[in-house]
Amino acid sequence: MKAFIVDRYKSKSALRLGDMPEPEVRDHDVLVAIHAASLNQLDAKIRDGEFKLILPYRLPLILGNDVAGVVVRVGSKVQRFKPGDEVYARPRQDRIGTLAEFIAMNEADVALKPTNLTMEEAASIPLVGLTAWQVLIERAQLKRGQKVLIHAGSGGFGSFAIQLAKHIGATVAATTSTANVDLVKSLGADVVIDYKKEDFSQVLNGYDVVVNSLDKSTLEKSLKVLKPSGKLISISGPPDAAFAKESGLNGFLQQVMRLLSFGIRKQARRHGVSYSFVFMRANGEQLSGITSLVEAGAIRPVVDRIFSFQATNEAMEYLATGRAKGKIVIKVR
Ligand SMILES: NC(=O)c1ccc[n+]([C@@H]2O[C@H](COP(=O)([O-])OP(=O)(O)OC[C@H]3O[C@@H](n4cnc5c(N)ncnc54)[C@H](OP(=O)(O)O)[C@@H]3O)[C@@H](O)[C@H]2O)c1
């Protein structure tokens, strides 16, 4: 089958379009004919080798973390899916590879695709949707009436997280540039901070939760926005020892991550707030919950551009600009 492949880790290198064997279908797997995939900053980081220590892939590797498609075959122990089902997923991290014609995934990672979405729209959701769910619902335990600041509200993650936080009943503030203020408002943000004109840390205070997906200076300034006992949660680092432990990383890496997050944890303690890092995981059950929210009209996908499969490297270049409004999608079939 045709696939976009990483042969060796190299910053900003093009992916190779080549032939790979069709995936082996294990007992608990569904084999999916891929109709659409979407790109994430994680794809660029994996290609560049930034995740070598945490995710030791065997090369050559098929890249891609989000998929929508049709089940064509199921393993002998599969219970929830049958050939013909339209599904979507973020496959577990050791079995990625959605920039291809087919993928085999454990059924536990898969959910039925929202019936009101196209394949391209559905493929835009799993990774960012699950991240928002795991940050806002699991980690922050965000409640109706609480206040949350979501940075980069117009990005892939932010555009989903704003809508989920509003659905929970929170008051939502988001940062974005002038060009995207209207988009972010249309997603439901109550307070929009245009970072070209205002410094969010001078304007906002008394927040229960801040979700950081930007750089170190944004992370540190976010401390000022939180009320005592508030929660600073970052998805863009630095990782902490709890994450290393959960991920089964060895004692040395746990120590490295404790050191990487030492500064921000110390500052957080001084402010009387908590700091933690979230790295999303595949979860078909949570994704089914997201399907219900999308079908109920509580959340809509935000797709910036759709590229053809052949144009995947151009799509990767667009991803690298960091300016996407919502998600970048690849139409595979
Ligand atoms: N830990 C995890 O599990 C996890 C999961 C998902 C994502 N992430 C990470 O989270 C980060 C964001 O991911 P993403 O998919 O949302 O990326 P993305 O879609 O590429 O983000 C692009 C958006 O960022 C906005 N932006 C850039 N600089 C900004 C600033 N200073 N203030 C406010 N907005 C700004 C841009 O808006 P403007 O053009 O208006 O500036 C653009 O709309 C990445 O580092 C990604 O790797 C981590």
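Arg305 lies over the face of Tyr318, 4.9 Å from the ring centre. Arg333 sits over the face of Phe102, also at 4.9 Å from the ring centre. A charge counts as over a ring if NZ of Lys or CZ of Arg is within 6 Å of the ring centre and within 35 degrees of the ring normal. This is a predicted model, in which local features need pLDDT of at least 70, side-chain atom pairs count only at pLDDT 80 or more, and totals for chains, interfaces and linings use all residues. Residues are numbered from 1 along each chain as its sequence is written, and side-chain values use heavy atoms, with hydrogens and water left out.

Next come the aromatic rings. The whole structure holds 5 aromatic pairs. Rings of Phe, Tyr and Trp (its six-membered ring) pair if their centres lie within 6.5 Å; planes under 30 degrees apart are stacked, over 60 edge-to-face, and the rest tilted. Phe51 and Phe279 are stacked, because their ring centres are 5.6 Å apart and their planes meet at 25°. This pair links distant parts of the chain, 228 residues apart. Phe51 is in the loop between H1 and E4, and Phe279 is in the loop between strand E14 (274-277) and helix H11 (284-295). Helices (H or I, at least four residues) and strands (E, at least two) are DSSP runs, numbered from the N terminus. Phe51 is buried at 14% relative accessibility, and Phe279 is buried at 18%. Buried means under 20% relative accessible area, exposed over 50%, and partly exposed in between (1.4 Å probe, protein chains only).

Phe243 and Phe277 make an edge-to-face pair, 5.0 Å centre to centre with 75° between the planes. This pair also links distant parts of the chain: Phe243 is in helix H8 (residues 241-246) and Phe277 in strand E14, 34 residues apart. Phe243 is buried at 6% relative accessibility. Phe277 is buried at 8%. Phe51, Phe243, Phe277 and Phe279 form one aromatic cluster.

Now to the interior. In soluble globular proteins, nonpolar side chains tend to be buried together. Here the largest nonpolar core has 111 residues. A nonpolar core is a set of buried Ala, Val, Leu, Ile, Met, Phe, Trp, Tyr and Cys residues joined through side-chain atoms within 4.5 Å. Ile46, Leu136, Val148, Ile150, Leu164, Ile290 and Ile330 touch the most other members. The core draws at least three residues from each of domain 1 (2-124 + 301-331) and domain 2 (127-277). Those bounds come from an automatic or database domain assignment. Which residues does Leu164 contact, leaving aside its neighbours within four places in sequence? They are Ala132, Trp133, Leu136, Ile137, Leu293 and Ile299. Contact means heavy atoms within 4.5 Å. A second, separate core of 10 residues includes Ile5, Ala33, Ala100 and Ala104.

Several helices show how burial is arranged. In helix H1 (residues 41-48), Leu42, Asp43, Ala44, Ile46 and Arg47 are buried. Their cover includes strands E1 (2-6), E3 (29-39) and E4 (61-62), along with helices H3 (126-139) and H12 (312-321). Gly49 follows H1 with a positive phi, near 90°. H3 is largely enclosed by the rest of the structure, because 11 of its 14 residues are buried.

Helix H9 (residues 251-260) buries Leu253, Gln254 and Met257. They cover an arc of only 105° around the axis, so they are on the same side of H9. That arc is taken from the directions from the helix axis to the C-beta atoms. The buried residues of H9 pack against H8. The face turned away from the buried side carries the exposed residues Gly251, Phe252 and Leu259.

Finally, the backbone. Most residues other than glycine have a negative phi, and most peptide bonds are trans. A cis peptide bond joins Leu59 and Pro60, with omega about -5°. Pro60 is in the loop between H1 and E4. Another cis bond joins Gly237 and Pro238, with omega about 0°. Pro238 is in the loop between strand E13 (226-234) and H8. Gln141 is not a glycine, yet has a positive phi of about 50°. Gln141 lies in the loop between H3 and strand E9 (147-150) and is partly exposed at 47% relative accessible area. Ala152 likewise has a positive phi of about 50°. Ala152 is in the loop between E9 and helix H4 (156-168) and is partly exposed at 23%.
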